[in-house]
Amino acid sequence: MATPSITTTALLVLLLLAPAVFAVDYPISWTLGTNYDDWVSDKTFFVGDTLTFTYGPSHSLSVVNKATYDTCGSDAQKNFNGGSNTVPLEVAGTMYFICPEGTHCSRGMKLSVNVSDGAPPAHASSPAGTPKPEKGTSAATSKYNMNFMVIGGSLLLAPLFALLG
């Protein structure tokens, strides 16, 4: 059996890492008084993106279906607590989130996110093909920078490996 060349290995690594450059992490301050309809209105979400919820001890997070979202019920698909949770957007469609504590949901602590299938050539929230993270989101910015450094480095190293291999 033939062993793969360094070039083949480098290209495989590049192909495995490339989808990460399109994923975006959206930090969310999960608090009462935030208008989540406004927050979501200028964003386009794709499968592979993540939502990172941060909240205080009087809150928690539940992933729910539409009926539970509409009625602020208690039937959760998944529950989170602990103050910080990252939720991957794994499937296309609408995902629903509520704070099940007391009357928090009925007082507006609920979020629905429409997730599109596939990733565009550049994330939809990015003009001219450059990622546009939220203002003040150093985590998202750092993630973008690291992804671009890894992909850029792979693109530069692949020809070098081809010459050496």
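Predicted model: local features only at pLDDT ≥ 70, side-chain atom pairs only at ≥ 80, totals over all residues.
Among contacts in the protein with a separation of 6 or more, 72% are accounted for by residues 24 or more positions apart.

An open sheet is formed by 5 strands, which stand in the order S2-S8-S7-S4-S5 and whose pairing is mixed. Strand S2 (45-46) and strand S5 (76-80) are found at the edges, and each has a single partner strand, so one side of each is left without a neighbour in the sheet. Within this arrangement, strand S4 (residues 61-64) and strand S7 (residues 93-98) run antiparallel and are joined by 3 bridges; valine 64 stands opposite tyrosine 96, which belongs to S7.

In soluble globular proteins, nonpolar side chains tend to be buried together. The largest nonpolar core here has 23 residues, and those that touch the most other members are Trp30, Leu51, Phe53, Phe97, Leu111 and Val113. Two or more residues of this core come from each of strand S1 (25-29), helix H2 (36-41), S3, S4, S7 and strand S8 (110-116). A second, separate core has 5 residues, among them Val64, Tyr69, Ile98 and Cys105.

Leucine 51 deserves a look of its own. With residues up to four places away in sequence left out of the count, leucine 51 touches Asp25, Tyr26, Ile28, Trp39, Phe45, Asn85, Thr86, Val87, Leu89, Phe97, Leu111 and Val113. That list includes Phe97, Leu111 and Val113, which are named together with Leu51 among the residues of the largest core that touch the most other members.

Thr86, also in the list for leucine 51, leads on to a pair of threonines. Threonine 52 lies in strand S3 (residues 50-54), and threonine 86 is found in strand S6 (residues 84-88). A polar contact of 3.0 Å joins the side chain of threonine 52 to the side chain of threonine 86. Are these two residues buried or exposed, or something in between? Threonine 52 has a relative accessible area of 14% and is buried, because the cut-off for that class is under 20%, whereas threonine 86, with a relative accessible area of 46%, is partly exposed. Apart from neighbours within four places in sequence, threonine 52 is in contact with Asp25, Tyr26, Pro27, Ile28, Ser84, Asn85 and Thr86. Threonine 86, with residues up to four places away likewise not counted, touches Asp25, Thr50, Leu51 and Thr52. Although threonine 86 and threonine 50 are 36 residues apart in sequence, their C-alpha atoms are 6.4 Å apart in space.

The cysteines complete the tour. A disulfide is a covalent bond between the sulfur atoms of two cysteines. The structure holds 1 disulfide, formed by cysteine 72 and cysteine 105, whose sulfur atoms are 2.1 Å apart. The torsion about their S-S bond is about -70°, so the disulfide is left-handed. This pair links distant parts of the chain, with cysteine 72 in the loop between helix H3 (66-71) and S5, and cysteine 105 in the loop between S7 and S8, 33 residues away. Cysteine 72 counts as partly exposed at 25% relative accessibility, while cysteine 105 counts as buried at 4%. Cysteine 99, by contrast, is in no disulfide, and the nearest cysteine sulfur, which belongs to cysteine 105, is 8.2 Å away; at 0% relative accessibility, cysteine 99 counts as buried.

One further detail concerns the backbone. Most residues other than glycine have a negative phi. Cysteine 72, however, has a positive phi of about 55° although it is not a glycine, and its place is in the loop between H3 and S5.

How values were computed:
Residues numbered from 1 in each chain as written. Heavy atoms only, no water. Helix = DSSP H or I, 4+ residues; strand = E, 2+ residues; numbered from the N terminus. Buried < 20%, exposed > 50% of the residue type's maximum accessible area, 1.4 Å probe, protein only. Polar contact = N/O pair within 3.5 Å; in protein donor to acceptor, adjacent residues only side chain to side chain. Contact = heavy atoms within 4.5 Å. Pairing = 2+ DSSP bridges. Core = buried A, V, L, I, M, F, W, Y, C linked by side-chain atoms within 4.5 Å. Disulfide = S-S within 2.5 Å.
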